[in-house]
Amino acid sequence: MSTDATNSVDTQATPARITVGYLATASGDDGVALAVALARATGACIDLVCVVRSEEPDGTPGRAAYQDMLIRRAREWVTAGAELVPADLTVDVHTPVAESFTEGLIDFADYSGARLIVVGGTRDGLLGRHTLGSISSELVHWSPLPVALAPRGYAERGEVTLDSLTVAVPTTGRSDNPLPFAVALAERAQLALRLVSLVSLDDAGDLDVETSAQTRARHIAAATEILDEATRRAPSTLAVESVVADGDTLSEALDGLRWGEGDLVAVGSARLGPPSRAFLGSTAARILRNTTAPMIVVPKSD
């Protein structure tokens, strides 16, 4: 992998870094806006990365010149994108060459010691909502780093000040629990923490009214106990709220949640996904479709 970075990266001596996958599109600008909000909250530096697809030499005249043209164009894009970052934040631009955008982005993030990869979605969805494109979809099913997704039109909100982080807490002790990541981020960024457990009867099958009520009561009690324990273990420096989102269906449970302008949401990866990789599961995907907040998909632990 090649890069335009002029200085080597000492991950022990430099501040935390955020890798932003950038294209010269409105979705690319959404990703920059989210990176700015995260960098402002955490003190991180931003690496704006436009990956150039490698052109393997095949003897065709002009192949190398075409590759150079792609690199120059990518450099122009990231240079223009860097102008969207306020002057008091640190931003560097890079144009690595790789076989695919996703592969090059992950390789760069790993090389630079980034703690997070940020991307926008596509422009096909509703304003303020999430729609995955090819790059973002690959990242949330492959990345070894947390992936932050900006909803459509996030750049149009102006410079957002993050103030709250909602984390979806699993109802059982599993390796896909995003709570440790969320607590660390909330501490670093001084965000209020909202712990949410989702309760629905989607997977309970056909139940009569009495059995349905009893099943829901058991699920709510179990979710409440898990959230109470998580709240007790949270650092005393954090403002913590716990919410059991309840409904007949998961969609109804999600409809009960409200999202503010400065919110983030963190979800874990699917229980059956590979270790040390992000893998967007069905519940997380439904949260993604429901929320207007930027969403961070946290890789499953080993």
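Against which elements do the buried residues of α3 pack? In this predicted model, in which residues are numbered from 1 along each chain as its sequence is written, local features need pLDDT of at least 70 and side-chain atom pairs count only at pLDDT 80 or more, whereas totals for chains, interfaces and linings use all residues. Side-chain values use heavy atoms, with hydrogens and water left out.

The buried residues of α3 pack against β1, β2, β4, β5 (97–98), β6 (116–120) and α4 (134–139), where contact means heavy atoms within 4.5 Å and where helices (H or I, at least four residues) and strands (E, at least two) are DSSP runs, numbered from the N terminus. These buried residues are Phe-101, Thr-102, Gly-104, Leu-105, Ile-106, Phe-108, Ala-109 and Ser-112, with buried meaning under 20% relative accessible area, exposed over 50% and partly exposed in between (1.4 Å probe, protein chains only). Helix α3 (residues 101–112) has 12 residues and reaches 16 Å from its first C-alpha to its last, close to the 16 Å expected at 1.5 Å a residue; the expected span is 1.5 Å times one less than the number of residues of the helix. After α3 comes Gly-113, whose phi is positive, near 75°.

The strands form an open sheet of 10 strands with mixed pairing, in the order β4-β2-β1-β6-β7-β12-β11-β8-β9-β10, two strands being taken to pair if DSSP finds at least two bridges between them. The edge strands of this sheet are β4 and β10 (240–246), each of which pairs on one side only. Neighbouring strands are turned against each other by 25° on average, direction ignored; axes are lines fitted to C-alpha atoms, for helices over the stretch in contact, and angles run from 0 to 180 degrees between N-to-C directions. Strands β9 and β10 pair in the parallel sense over 7 bridges, and Val-196 stands opposite Val-243 in β10. Helix α2 lies across β2 and β4, running at about 165° to β4. Helix α5 (residues 179–189) packs on the sheet and touches β6, β8, β9, β11 and β12, its direction making about 175° with that of β8.

A search of the whole structure finds 6 salt bridges, a salt bridge being a side-chain nitrogen of Lys or Arg within 4 Å of a carboxyl oxygen of Asp or Glu. Arg-17, Asp-47 and Asp-92 are linked in a network of such bridges. Between Arg-17 and Asp-47 the closest N and O atoms are 2.7 Å apart, and this pair links distant parts of the chain, with Arg-17 in strand β1 (residues 17–21) and Asp-47 in strand β2, 30 residues apart. The salt bridge of Asp-92 with Arg-17 has its closest N and O atoms 3.0 Å apart; because Asp-92 lies in strand β4 (residues 91–94) and Arg-17 in strand β1, the pair ties together parts that are 75 residues apart in sequence. Arg-17 is buried, with a relative accessible area of 9%, and Asp-47 counts as buried at 1% relative accessibility, whereas Asp-92 is partly exposed, with a relative accessible area of 33%. Asp-47, placed in strand β2 (residues 45–49), touches Arg-17, Ile-18, Thr-19, Val-20, Asp-92, His-94, Phe-108 and Ser-112, not counting residues up to four places away in sequence.

A further salt bridge joins Arg-40 and Asp-88, with the closest N and O atoms 2.3 Å apart. This pair also links distant parts of the chain, Arg-40 being in helix α1 (residues 26–42) and Asp-88 in the loop between α2 (63–82) and β4, 48 residues apart. Arg-40 counts as partly exposed at 34% relative accessibility, and Asp-88 is exposed, with a relative accessible area of 56%.

In the largest nonpolar core, of 51 residues, Leu-38, Val-118, Leu-165, Leu-193 and Leu-264 touch the most other members; such a core is a set of buried Ala, Val, Leu, Ile, Met, Phe, Trp, Tyr and Cys residues joined through side-chain atoms within 4.5 Å. The largest share of this core, 8 residues, comes from α1. Apart from this core lies another, of 37 residues, among them Phe-108, Leu-257, Ile-287 and Leu-288. In helix α8 (residues 282–290), the buried residues are Ala-284, Ala-285, Ile-287, Leu-288 and Asn-290, and their cover includes β7 (147–150), β8 (164–168), β9 (192–199), α7 (250–255), β11 (263–267) and β12 (295–297).
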